[in-house]
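Subject: Structure for you to look through

Hello,

Here is the structure I promised to pass on. Please open it next to this email and follow along.

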Amino acid sequence: AAVHCNGSTTPQADTQPLFAVQCGPGYSYLGPDPYALTASTATDKKPYMCASNNKIRPTWTLVGHFAPGKCAAFSNARFVKDL
């Protein structure tokens, strides 16, 4: 299998955390912004509420720490914890 990106489970110099965020079925994000799918206003972020449905709480998984942009191929991927 080809390696698309590699990282670390702990913070390293020149890396950033990569989060898998899920807001119910059909709404997922993989990237450095843990608030990407959460509700927000002009002044506040509401990490306890999904923007797509304010009755659903988002779930976050820290995937690891990676060099910025090195895992861009996975920006539209969905994280599946239990394979």
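Start with Val-21: Trp-60 in β5 stands opposite this residue. The model is predicted, so to speak of local features a pLDDT of at least 70 is needed, side-chain atom pairs count only at pLDDT 80 or more, and totals for chains, interfaces and linings use all residues. Residues are numbered from 1 along each chain as its sequence is written, and side-chain values use heavy atoms, with hydrogens and water left out.

The sheet

Two terms come up here. Strands are DSSP runs (E, at least two residues), and helices are runs of H or I with at least four residues; both are numbered from the N terminus. Two strands pair if DSSP finds at least two bridges between them.

β1 and β5 run antiparallel and are joined by seven bridges. β1 covers residues 16-22 and also pairs with β2, again antiparallel, over four bridges. One partner to look up is Gly-31 in β2, which bridges to Phe-19. Together the three strands make an open sheet, ordered β2-β1-β5, with antiparallel pairing. Its edge strands are β2 (28-31) and β5 (59-66), each of which pairs on one side only. On average, neighbouring strands in this sheet are turned by 15° against each other, direction ignored. For that angle, axes are lines fitted to C-alpha atoms (for helices, over the stretch in contact), and angles run from 0 to 180 degrees between N-to-C directions.

Look also at the hairpin of β1 and β2. Five residues lie between its strands, and Gly-24 takes a positive phi near 75° there.

Is His-65 buried or exposed? His-65 sits in strand β5. It is buried, because its relative accessible area is 10%. Buried means under 20%, exposed over 50%, and partly exposed in between (1.4 Å probe, protein chains only). Beyond its neighbours within four places in sequence, His-65 is in contact with several residues, including Gly-7, Pro-11 and Gln-16. Contact means heavy atoms within 4.5 Å.

Gln-22 belongs to strand β1. Gln-22 counts as partly exposed because its relative accessibility is 22%. Leaving out residues up to four places away in sequence, Gln-22 touches Tyr-27, Ser-28, Arg-57, Pro-58, Thr-59 and Arg-78. Ala-77 is 55 residues from Gln-22 in sequence, yet their C-alpha atoms are 11 Å apart in space.

The whole chain

How many helices and strands does the chain have? There are zero helices and five strands. Along the sequence the pattern reads β-β-β-β-β. The C-alpha trace spans about 40 × 30 × 20 Å along its principal axes. The chain has 83 residues, and 24% of them count as buried. Take the contacts with a separation of 6 or more: 53% of them are between residues 24 or more positions apart.

The accessible surface is about 5900 Å², and carbon and sulfur atoms hold 54% of that. The areas come from the Shrake-Rupley method with a 1.4 Å probe; for residues, only the protein chains shown count as cover.

Best wishes
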